[in-house]
Amino acid sequence: MSEREFVIVGGGLAAGTAASTLREEGFEGHLTLIAAEAHKPYIRPPLSKAYLASYDDSELWVQPEDWWHDHDVDVRSGQHARELDLADRALVLEGGARVPFEKLLIATGATPRTLEIPGADADGIHYLRSIEDSRAIHEATAAGDKRVVVVGSGWIGMEVAATVRGFGNEVTVVSHAQVPLSSALGDELGEVFASLHLDHGVRLVRGVGVSGLRVQGGRVTGVEYDGGVVDADVVVIGIGAVPLTSLAEDAGLDASTGILVDAGMRTGADGVFAVGDAANPFHPVLGQRLRSEHWANAIGTGRTAALNMIDRGVDYDDIPYFYTDQFDLGMEFSGYAPLMKDAHVVYRGDLAGREFVSFWVAPNGAVVAGMNVNVWDVNDQVQALIRSGRPVDEARLADPDVPLGDLAADA
Ligand SMILES: Cc1cc2nc3c(=O)[nH]c(=O)nc-3n(C[C@H](O)[C@H](O)[C@H](O)COP(=O)(O)OP(=O)(O)OC[C@H]3O[C@@H](n4cnc5c(N)ncnc54)[C@H](O)[C@@H]3O)c2cc1C
């Protein structure tokens with residue numbers, strides 16, 4: 001190789017951020033981006049919100065269309081990498097073409113977990129990961145006259161339920177969990193989202209396992225669960241995602257729980273990095289691995305890997321962050337999920353009116369997570385409180401007259 005040759009595999013936010021960072025930070029070598037989808041790198045959160053609602057693509061692209069050409073990035077869309085040949089330092093594409101690399105970034109993301117029951121391939125059944133998936137759900141539901149069943153009450157299920165209910169459809173969420181979003185937020189805060197959906201006319205069937213799908217003439221007509229059935233014209237399945245790790249795993253890298261990387265996004269192979277939903281990084285503040293399937297993590301890890309590909313020696317130690325928009329509720333969450341299970345919740349603001357900040361306070365009195373619901377411009381202070389790691393006065397934490405900035409400074 002005469003010129004430095006960096007290759008990125010993946011076409012999502014992590015891949016796009018890494019490519020952008022490399023160019024912004026002055027990397028002048030050859031940069032190739034191999035992306036299985038027929039698009040330039042794009043951002044997925046709008047797919048269950050603004051894009052699903054109205055094809056609003058204003059927030060969809062990592063960079064404007066011309067940016068890739070203007071910055072001399074060789075984007076090979078619609079190309080699937082099938083093998084990582086570590087001995088020969090090349091990526092092998094479907095069809096056999098070999099792409100040599102000096103450094104490689106794996107940003108292959110995740111794929112929806114599938115429901116393995118008879119009928120799951122019938123017409124009218126959808127998953128949501130790509131632009132095409134979002135368009136298909138939009139086309140199936142936008143008339144607003146359908147019976148839509150969403151299987152799963154995680155983030156994607158609840159967001160899709162809100163958006164398609166917004167078209168006027170009859171919407172039922174069927175879920176294994178008793179409380180929506182409980183695995184991310186716990187029961188107390190999950191109930192906030194349950195009542196939000198109930199108030200907007202979404203039906204919740206909780207604590208049941210889907211046991212079958214009714215299909216007539218190749219089209220889904222209903223979802224069966226232990227104890228009942230819901231009629232359906234359209235079914236959207238949102239039961240989690242599985243990291244796409246096979247390139248790394250088949251090459252002998254440790255990837256059983258996501259591709260294992262250090263805090264600088266380095267895998268066990270020299271010059272090979274992994275980021276985003278596909279990776280499982282070590283978090284230096286928490287002192288343990290922390291896999292995250294969120295927008296901010298794709299940006300932060302993508303940027304970190306790019307900097308380390310050009311030998312900047314940085315670690316990724318951000319506090320995990322994510323957001324959601326459902327009906328008239330917008331929220332941001334920051335915090336360390338593994339520390340939340342022993343914490344109790346302290347509220348500031350109007351819980352019943354869904355305008356509040358909730359704090360998870362650990363047994364030692366330190367704030368380990370915070371969520372602002374329809375309250376804005378406080379996330380930096382919430383993060384400062386968490387970062388301090390020191391005990392806070394709970395009465396002051398709950399008192400909206402005490403500026404959060406003061407608490408962060410006290411802590
Ligand atoms: C509908 C939806 C809504 C979301 N909403 C939110 C939200 O509100 N807030 C939030 O924080 N997060 C949200 N997320 C999560 C967030 O979008 C993900 O964390 C983020 O997309 C991860 O980025 P990534 O680049 O790691 O992976 P991805 O975006 O999945 O991109 C990976 C890319 O790699 C490609 N690829 C895979 N294997 C290969 C291969 N072998 N060869 C070539 N290309 C390959 C894939 O086709 C894909 O294009 C949402 C996700 C979805 C699906």
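What follows is a chat about helix packing and strand pairing in a predicted model.

Student: Let's start with α1 and α8. At what angle do they pack, and how far apart are their axes?
Tutor: About 40 degrees, with the axes 7 Å apart. Helix α1 covers residues 13-24 and helix α8 covers residues 295-309.

Student: So what do we call that orientation of α1 and α8?
Tutor: Oblique, because the angle is about 40 degrees and angles under 35 degrees would count as roughly parallel.

Student: And is the crossing left-handed or right-handed?
Tutor: The crossing of α1 and α8 is right-handed.

Student: Which residues make the contact?
Tutor: On α1, they are Leu13, Ala14, Thr17, Ala18, Thr21 and Leu22. From α8 you get Trp295, Ala298, Ile299, Gly302, Arg303, Ala306, Leu307 and Met309.

Student: How does that contact split by class?
Tutor: There are 10 nonpolar, 3 polar and 1 charged residues.

Student: Switching to strands. In which sense do β13 and β14 pair, parallel or antiparallel?
Tutor: Antiparallel, over 6 bridges, with β13 at residues 210-216 and β14 at residues 219-225.

Student: OK, and how many bridges join β14 to β15?
Tutor: 4, again in the antiparallel sense, with β15 spanning residues 228-231. Glutamate 224 has valine 229 in β15 as its bridge partner.

Student: Which glycine sits in the turn of that hairpin?
Tutor: Glycine 227, with a positive phi of about 100 degrees; 2 residues lie between β14 and β15.

Technical notes
Residues are numbered from 1 along each chain as its sequence is written. This is a predicted model: local features need pLDDT of at least 70, side-chain atom pairs count only at pLDDT 80 or more; totals for chains, interfaces and linings use all residues. Side-chain values use heavy atoms; hydrogens and water are left out. Axes are lines fitted to C-alpha atoms, for helices over the stretch in contact, and angles run from 0 to 180 degrees between N-to-C directions. Angles under 35 degrees count as roughly parallel, over 145 as roughly antiparallel, 65 to 115 as roughly perpendicular and the rest as oblique. A crossing is left-handed if the near helix is turned anticlockwise from the far one by less than a right angle, and right-handed if clockwise. Contact means heavy atoms within 4.5 Å. Ala, Val, Leu, Ile, Met, Phe, Trp, Tyr, Cys and Pro count as nonpolar, Asp, Glu, Lys and Arg as charged, and the others, Gly among them, as polar. Two strands pair if DSSP finds at least two bridges between them.
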